[in-house]
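Please open the model in a viewer and keep the selection panel at hand. The stops below are given in the order in which they may be selected.

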Amino acid sequence: MTLQTTKTHIVHGGVLKYLRHDSAATGTPMTLSVFTPPGEGPFPVLIWLSGLTCTEDNFTTKAGAYEAAAKHGVIIVAPDTSPRGDGVADDPAYDLGQGAGFYVDATQAPWAPHFRMETYVTDELIALIDAEFPTTGVRGVSGHSMGGHGALTLAQRHPDLFQSVSAFAPISSPTRCAWGEKAFTAYLGADRAAWAEHDAALLIEGGAARGVYDDILVDQGDADSFLTDQLKPELLTGAAAAVGQTLTLRMQPGYDHSYFFMASFIADHVAFHAERLKGPA
């Protein structure tokens with residue numbers, strides 16, 4: 001695999017690159033951004049997973065994460081949310097298909113050939129970043145909404161790969177909300193047992209995070225229009241309490257689902273990960 005740089009910017013003393021490569025996992029070109037802080041490194045890595053409809057550009061231009069990343073010496077990687085292209089299956093709705101990969105490997109037609117976002121992130125992307133950038137080999141994962149779901153589930157399904165995890169307004173239990181039920185039916189089929197393997201609250205309830213992550217940080221705005229019907233953070237806290245998993249849920253008064261919310265608290269999340277990613281793998 002060869003990373004092609006499409007744009008480069010200097011920001012807060014570090015280097016931000018927009019990149020493109022041909023993905024073996026998805027069978028399509030994939031795009032991403034990578035911020036490398038000033039200095040020689042090596043640096044730990046924070047992988048950011050964005051939400052429905054987003055590309056790599058939403059976080060890169062709107063989150064305001066790079067001042068904190070430069071301060072704490074953290075590489076931030078922001079991949080696209082799905083495979084894309086004329087030959088890639090899609091749906092007219094915003095919550096399925098291109099821009100809505102849900103960070104799972106689809107098993108059902110017509111999605112299975114390209115929608116393999118779990119493998120893309122946990123296998124291909126991590127290996128590519130470690131090969132091409134001055135990393136320490138330790139990494140955390142965070143994300144927003146659908147990407148918050150991805151961060152929480154991938155961290156629990158691949159505890160050997162991640163040393164820290166946080167989320168903004170995550171889809172806490174996709175098996176119990178309309179977004180998740182629609183996407184999982186399409187990508188994974190009718191077997192709800194297969195869905196449960198990608199449900200953050202159910203994974204926590206099963207003890208997947210216990211003994212692995214000292215704390216899970218979640219920020220949620222209480223004015224989020226999706227809070228009650230789609231996000232349901234109380235399912236995370238209930239699951240964590242049931243098994244003795246530390247999970248810090250910060251309900252932020254007046255904040256909505258937008259990047260204004262993330263920009264307000266992203267520095268806290270970068271610091272949270274930086275503290276947990278010090279030292280060798």
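A nonpolar core is a set of buried Ala, Val, Leu, Ile, Met, Phe, Trp, Tyr and Cys residues joined through side-chain atoms within 4.5 Å; buried means under 20% relative accessible area, exposed over 50%, and partly exposed in between, with a 1.4 Å probe and protein chains only. The model is predicted, with local features requiring pLDDT of at least 70 and side-chain atom pairs counting only at pLDDT 80 or more, whereas totals for chains, interfaces and linings use all residues. Residues are numbered from 1 along each chain as its sequence is written, and side-chain values use heavy atoms, with hydrogens and water left out.

**The core.** Select Phe 59, Phe 102 and Tyr 187, the residues with the most contacts inside the largest nonpolar core, which has 88 residues. Around Phe 102, display its contacts (heavy atoms within 4.5 Å); beyond four places in sequence they include Leu 52, Asp 95, Trp 179 and Tyr 187.

Next, select Asp 95 and Lys 182, whose side chains form a salt bridge at 2.7 Å, N to O. A salt bridge here is a side-chain nitrogen of Lys or Arg within 4 Å of a carboxyl oxygen of Asp or Glu. Asp 95 is buried at 9% relative accessible area, while Lys 182 is partly exposed at 33%. Helices (H or I, at least four residues) and strands (E, at least two) are DSSP runs numbered from the N terminus. Helix H5 covers residues 178-188 and contains Ala 186. Ala 186 is buried, with 17% relative accessibility, and apart from neighbours within four places in sequence it contacts Leu 96, Gln 108 and Trp 111.

**The cavity.** Which residues line the largest cavity? Select Val 45, Ile 47, Leu 125, Ile 126, Ile 129, Asp 130 and Arg 139. A cavity is a set of points on a 1 Å grid over the protein atoms alone where a 1.4 Å probe fits but cannot get out, and lining residues have an atom within 4 Å of a point. The volume, about 30 Å³, is the space filled by probe spheres set on the points, which are joined across faces, edges and corners. Helix H3 gives the most to this lining, with four residues. Arg 139 is buried at 6% relative accessibility, and Asp 130 is partly exposed at 30%.

**The last stop.** Finally, select Asp 214, Glu 275 and Arg 276, which are linked in a network of salt bridges.

Technical notes:
1 Å grid on protein atoms, 1.4 Å probe; cavity = no way out; pocket = protein on both sides within 12 Å on 5 of 7 lines; lining within 4 Å.
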